[in-house]
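Trainee: I would like to learn how to read cavities, helix packing and backbone geometry in a model. Where do we begin?

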Amino acid sequence: MVNLTPNSSYSLTLRLKIPNQAGMLATVAQAIGEAGGVLGDLDVVSRSRKSLVRDVNVDASSEEHAEGIVNAVRAINAVEVLEVCDRTFKIHEGGKISVESKLNLTNQDDLAMAYTPGVGRVCVDIAQNPDRVYDLTIKCNTIAIVTDGSAVLGLGNLGPAGALPVMEGKALLFKKFAGLDAFPVCLDTQDTDEIVETVKRIAPVFGGVNLEDISAPRCFEIEARLRRELDIPVFHDDQHGTAIVTLAALVNALKLVNKAMASIKIVINGAGAAGVAIARLLQKAGASNIILCDSKGILSHERADLNDQKREFAVEQSGTLADAMQGADIFLGVSAPGVVSVEMVKSMAADAIVFAMANPIPEIQPELINDIAAVVATGRSDYSNQINNVLAFPGVLRGALDCRAQAITTAMYLEAAYAIASLVGPDDLDEEHIIPSVFDERVASAVAAAVKHAARVDGVARK
């Protein structure tokens with residue numbers, strides 16, 4: 001396994017007391033470099049004739065690596081490590097979001113209009129004309145981010161409190177990229193009926209629901225039931241956000257290798273929420289030869305352990321992931337670290353495309369296959385072609401709320417994917433650029449426009 005690239009998710013600030021002598025900072029930098037760390041910003045905290053106190057930012061690749069870097073600096077004679085701060089934990093202290101008033105209450109008149117008695121007139125108007133709730137409250141711009149904490153990232157069942165930092169982060173991204181106000185709703189239950197009933201009871205406040213980090217196969221039932229029983233859009237990002245961005249990247253990757261969706265063999269490893277949703281969307285996009293694998297190998301008709309979602313994609317072939325990948329044009333991984341070998345990639349068809357999207361450690365390190373596969377993508381930000389859901393979910397829900405969609409349809413997913421793909425023009429498209437940056441300001445608005453158009457064509461838009 002190739003060592004992971006140091007990145008800011010394992011970033012430290014070292015507060016060091018260093019002799020005020022020429023060459024001492026270079027000694028520190030050399031120690032960090034020899035330990036495999038990447039030196040970042042340097043700030044002088046205080047200075048005297050004899051010493052300097054500096055804050056030194058360093059990126060590592062894991063907690064163990066970070067500890068090794070700190071020990072390497074501690075080993076330098078005359079350098080004192082005053083404090084070690086984990087920068088990731090630091091930015092989470094006190095939470096990452098807050099609620100702010102849109103009004104400045106400066107006098108009694110403001111108070112009388114914003115609250116009692118004036119607010120009573122507004123309440124009556126909404127009661128008599130229910131659609132006015134979209135005009136006169138936060139409902140028109142607010143998303144509930146709902147989880148039970150049963151499948152947090154790739155970390156497993158951490159429960160509602162353990163899931164809260166992820167949901168806060170999701171709310172931050174909704175606001176940053178689409179201007180949507182979103183709020184974490186972390187439920188202290190993993191009972192399907194209770195989750196559905198709870199979301200239904202809180203739905204009057206929200207214009208849409210984003211389901212997140214709920215384990216399969218319960219996530220499929222929860223989403224399906226909520227879609228049937230609510231008249232606001234319900235979007236399970238782990239399924240459909242992943243599928244949308246994967247399709248967008250694949251559309252552009254296929255242009256580079258001059259292959260058509262209808263003629264390729266696709267292997268997907270990981271048959272949970274993301275894998276099943278990707279397979280379903282690729283079928284709608286024209287793919288016909290798809291093999292899904294889970295930890296036990298190919299989803300075969302011979303297996304008796306398949307749930308309904310897996311059985312949907314069962315095939316005649318049986319065997320291992322290695323068997324499935326022989327002659328495949330595409331490998332899409334939403335599974336586990338290191339499950340793909342170089343030999344398995346070599347067994348694929350010419351001009352193979354590999355999306356190894358397990359995070360933080362991909363199914364195979366890109367460095368191992370850059371000269372073998374035609375196009376490689378991961379879920380990580382420190383490699384080219386990051387498959388990141390933030391390209392999809394802000395714009396999808398922005399568009400759905402703007403047209404007051406009653407539901408989200410497959411056509412809306414497809415149009416969102418094609419909108420994302422279109423933002424990489426012919427002059428910019430190459431094997432290291434098949435998908436736009438998450439910071440490309442065009443993305444959310446392009447996706448929202450595509451979603452609104454599809455919603456109107458499908459007849460689910462109310463505005």
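Mentor: On a 1 Å grid over the protein atoms alone, a cavity is a set of points where a 1.4 Å probe fits but cannot get out; a pocket is an open set with protein on both sides within 12 Å along at least five of seven lines; lining residues have an atom within 4 Å of a point. Grid points are joined across faces, edges and corners, and a volume is the space filled by probe spheres set on the points. This is a predicted model: local features need pLDDT of at least 70, side-chain atom pairs count only at pLDDT 80 or more, and totals for chains, interfaces and linings use all residues. Residues are numbered from 1 along each chain as its sequence is written, and side-chain values use heavy atoms, with hydrogens and water left out.

Trainee: Which residues line the largest cavity?

Mentor: Y134, G207, P233, A400, L401, R404, A405 and R462 line the largest cavity. Its volume is about 40 Å³. The structure holds one cavity of 30 Å³ or more. On classes: Ala, Val, Leu, Ile, Met, Phe, Trp, Tyr, Cys and Pro count as nonpolar, Asp, Glu, Lys and Arg as charged, and the others, Gly among them, as polar. The lining of the largest cavity has five nonpolar, one polar and two charged residues.

Trainee: What lines the second largest pocket?

Mentor: The second largest pocket has 18 lining residues, with S98, V99, E100, K175 and D181 nearest its centre. Its space is about 560 Å³. Helices (H or I, at least four residues) and strands (E, at least two) are DSSP runs, numbered from the N terminus. α7 (159-178) and β6 (181-186) each supply at least two residues of this pocket's lining.

Trainee: Now helix packing. At what angle do α7 and α16 pack?

Mentor: Axes are lines fitted to C-alpha atoms, for helices over the stretch in contact, and angles run from 0 to 180 degrees between N-to-C directions. Under 35 degrees counts as roughly parallel, over 145 as roughly antiparallel, 65 to 115 as roughly perpendicular and the rest as oblique. α7 and α16 (residues 393-402) pack at about 70°, with axes 9 Å apart. They are therefore roughly perpendicular. Contact means heavy atoms within 4.5 Å. K170, L173, F174, F177 and A178 of α7 make the contact with F393, P394, L397 and R398 of α16.

Trainee: How do α17 and α18 pack?

Mentor: Helix α17 (residues 410-422) and helix α18 (residues 443-458) pack at about 150°, with axes 8 Å apart. They are therefore roughly antiparallel. The residues that meet include A416 and I420 in α17 and A450 and V451 in α18. By class, this contact of α17 with α18 has 11 nonpolar, no polar and two charged residues.

Trainee: And what is the angle between α10 and α17?

Mentor: α10 (residues 237-257) packs on α17 at about 45°, with axes 8 Å apart. That makes α10 oblique to α17.

Trainee: Last, the backbone. Which peptide bond near P217 is cis?

Mentor: Most residues other than glycine have a negative phi, and most peptide bonds are trans. Here the A216 to P217 bond is cis, with omega about 5°. P217 lies in the loop between β7 (208-211) and α9 (218-229). D213 is in the loop between β7 and α9, and its phi is near 55°, a positive value in a residue other than glycine. The T116 to P117 bond is cis too, with omega near 10°. P117 sits in the loop between α4 (108-114) and α5 (118-128).
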